[in-house]
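The sequence and structure come first.

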Amino acid sequence: MGAQWKAKGKELAANARGKLFGRLAKDIMVAARGGADPALNSKLRLVVEQARKVSMPKETLDRAIKKGAGLTGEAVHFEHVIYEGFAPHQVPVMVECLTDNLKRTAPEMRVLFRKGQLGASGSVSWDFDHVGMIEAEPAAAGADPELAAIEAGAQDFEAGEAEGSTLFLTDAADLDLVSRALPAQGFTVLSAKLGYKAKNPVNPANLDPAHLEEVEAFLAAIDANDDVQNVFVGLAG
């Protein structure tokens, strides 16, 4: 959870599929500004691979690429903005948004943070590392994540979100390089993105169960906002 928060339980993650496709479509449109050919645009290639792995419909994927690359005649502009502060009980949080209307997003974030504390830029980010996050699963039994991390050039690894998967952590600049190297080390890449990992995450065991519920409810409300792409939380486990 110190890397990226995910809603617990299938019901909480629910509109899951539609919301995931919507977020990926935004990522694709932003990446496609650098060119519509994934072979020549590494940022686009990574997010297109991720979209395919979760079975995004081809027409949705193609439309997002063309829209972002300006091939449809439609003007698309998303602003990348990060809100930082604290969830209840001083749990640090960074919220990554892609918005086409900052005048809508900013007040919505202020309202959502009322149960926590919205901070100024830099108030929380100093306690997070900006890293590459690659979730991968073994292509065959016996694939060794430690050896794969060393050989592929990852900085560290830990258990991934999906059962049996591994989250490889890289320098931000090495994300594409490592994701390309992992298949040769026996791992299939499920997703690859830049994100934030807490340096000093709060141990959930130090929170009362009721307090932990308040933190989870706060994070779920943030994550449900349509402009939110990722929520990174300083909570261990």
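## Terms and basis

Relative accessible area is computed with a 1.4 Å probe on protein chains only; a residue under 20% is buried, one over 50% is exposed, and one in between is partly exposed. The model is predicted: local features need pLDDT of at least 70, side-chain atom pairs count only at pLDDT 80 or more, and totals for chains, interfaces and linings use all residues. Residues are numbered from 1 along each chain as its sequence is written, and side-chain values use heavy atoms, with hydrogens and water left out.

## Salt bridges

A salt bridge requires a side-chain nitrogen of Lys or Arg within 4 Å of a carboxyl oxygen of Asp or Glu. The whole structure contains 12 of them. One joins Glu74 to Lys67, with an N to O distance of 3.8 Å. Glu74 is partly exposed at 43% relative accessibility, and Lys67 is also partly exposed, at 27%.

Arg104 is partly exposed, with a relative accessible area of 30%. Its salt bridge with Asp100 has the closest N and O atoms 3.0 Å apart; Asp100 is exposed at 53%. Arg104 also forms a salt bridge with Asp227, where the closest N and O atoms are 2.8 Å apart. Arg104 belongs to helix α4 (residues 102-112) and Asp227 to the loop between α7 (209-223) and β8, so this pair ties together parts 123 residues apart in sequence. Asp227 is buried, at 4% relative accessibility. Through shared partners, salt bridges join Lys26, Asp100, Arg104 and Asp227 into one network.

## Strand β8

Helices (H or I, at least four residues) and strands (E, at least two) are DSSP runs, numbered from the N terminus.

Two strands count as paired if DSSP finds at least two bridges between them. Strand β2 (residues 91-99) pairs with β8 in the antiparallel sense, over 5 bridges. Val93 has Val233 of β8 as its bridge partner.

## Second largest pocket

Rolling a probe the size of a water molecule over the atoms shows where empty space is left. On a 1 Å grid over the protein atoms alone, a cavity is a set of points where a 1.4 Å probe fits but cannot get out, and a pocket is an open set with protein on both sides within 12 Å along at least five of seven lines; lining residues have an atom within 4 Å of a point. Grid points are joined across faces, edges and corners, and a volume is the space filled by probe spheres set on the points.

The second largest pocket has a volume of about 730 Å³. Its lining consists of 26 residues, of which Asp27, Val30, Lys43, Lys193 and Leu194 lie nearest the centre. Elements that each supply at least two lining residues include α1 (16-31), α6 (175-181), β2 and β8; α2 gives the most, with 5 residues. The lining has 12 nonpolar, 8 polar and 6 charged residues, where Ala, Val, Leu, Ile, Met, Phe, Trp, Tyr, Cys and Pro count as nonpolar, Asp, Glu, Lys and Arg as charged, and the others, Gly among them, as polar.

## Cavity

The count is 1 cavity of 30 Å³ or more. The largest cavity has a volume of about 30 Å³. Leu46, Glu49, Gln50, Lys53, Val189, Leu190, Ser191 and Ala192 line this cavity, and α2 and β7 each supply at least two of its lining residues. By class, the cavity lining has 4 nonpolar, 2 polar and 2 charged residues.
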